[in-house]
Amino acid sequence: MIADGAIPIVPRGVRLHQDRARNRWVLLAPEKTIALDQIGYAILSEVDNRSEFGEIVSRLASKYEAPVEQIRPDVAGFINTLAARRILEVI
Amino acid sequence: MAWAKPVLREIDCGMEINMYGPDS
């Protein structure tokens, strides 16, 4: 699990890109391309290299009118999966 | 739109590999 005070960071060289041909967002990283669904894009849209994990979860819970307890493990798993591949960092 | 577990799929050589999501 990720601590509420941890800050997810998009490292240099990683960026969001809109794949207009397939009508979806992708994460472009060195030698990797990751396709996102709408929820994944919504999560990454909240990652501004300043917001703490707890703040991101709270904003998403408000936006989707869903309980924090439901959203937190999904967002943590999502971020951890990307962090394991060095596509995100958590400080 | 309702909340759902997000999906991550790695695109590699034209193939898409599920990294994270309901089916991973």
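Helix H3 of chain A runs over residues 68–84, and at 1.5 Å a residue its 17 residues should span 24 Å; the end C-alpha atoms are 24 Å apart, which agrees. The model described here is predicted.

In H3(A), Ile71(A), Asp74(A), Val75(A), Ala76(A) and Gly77(A) are buried, and so are Phe78(A), Ile79(A), Thr81(A) and Leu82(A). Just after H3(A) comes Arg86(A), with a positive phi of about 60°.

### The interface

Between the two chains, 14 residues of chain B are in contact with 25 residues of chain A. The size of an interface is often given as the accessible area lost when the parts come together. For chain B and chain A the buried area is about 1,700 Å², and 64% of it is given by carbon and sulfur atoms. Of the area that chain B buries against chain A, Met1(B), Trp3(B) and Leu8(B) supply 42%, more than any other three residues.

Two salt bridges are counted between chain B and chain A. A salt bridge joins the side chains of Glu10(B) and Arg85(A), at 2.9 Å from N to O.

On the side of chain B that touches chain A, the elements that give two or more residues are strand S1 (8–12) and strand S2 (15–20) of chain B. S1(B) gives four residues, the largest share of that side. By class, this side of chain B has 10 nonpolar residues, four charged residues and no polar ones.

### Arg24 of chain A

Arg24(A) lies in strand S3 of chain A, which covers residues 24–29. Is Arg24(A) buried or exposed? The relative accessible area of Arg24(A) is 18%, and buried means under 20%, so Arg24(A) is buried.

Leaving aside neighbours within four places in sequence, Arg24(A) is in contact with His17(A), Gln18(A), Asp19(A), Ala35(A) and Leu36(A), and with Ile11(B) and Glu16(B) of chain B. With Glu16(B), the contact includes a polar one between the two side chains, at 2.9 Å.

The table lists two side-chain pairs across the interface.

| Residue of chain A | Residue of chain B | Kind | Distance |
|---|---|---|---|
| Arg85(A) | Glu10(B) | salt bridge | 2.9 Å (N to O) |
| Arg24(A) | Glu16(B) | polar contact | 2.9 Å |

How values were computed:
Residues are numbered from 1 along each chain as its sequence is written. Chains are lettered from A and ligands numbered from 1 in the order in which they are written. This is a predicted model: local features need pLDDT of at least 70, side-chain atom pairs count only at pLDDT 80 or more; totals for chains, interfaces and linings use all residues. Side-chain values use heavy atoms; hydrogens and water are left out. The expected span of a helix is 1.5 Å times one less than its number of residues. Buried means under 20% relative accessible area, exposed over 50%, partly exposed in between (1.4 Å probe, protein chains only). Contact means heavy atoms within 4.5 Å. Buried area is the accessible area (1.4 Å probe) that two parts lose on being put together, summed over both. A salt bridge is a side-chain nitrogen of Lys or Arg within 4 Å of a carboxyl oxygen of Asp or Glu. Ala, Val, Leu, Ile, Met, Phe, Trp, Tyr, Cys and Pro count as nonpolar, Asp, Glu, Lys and Arg as charged, and the others, Gly among them, as polar. A polar contact is a pair of N or O atoms within 3.5 Å; within protein, one must be able to donate a hydrogen and the other to accept it, and residues adjacent in sequence count only if both atoms are side-chain atoms.
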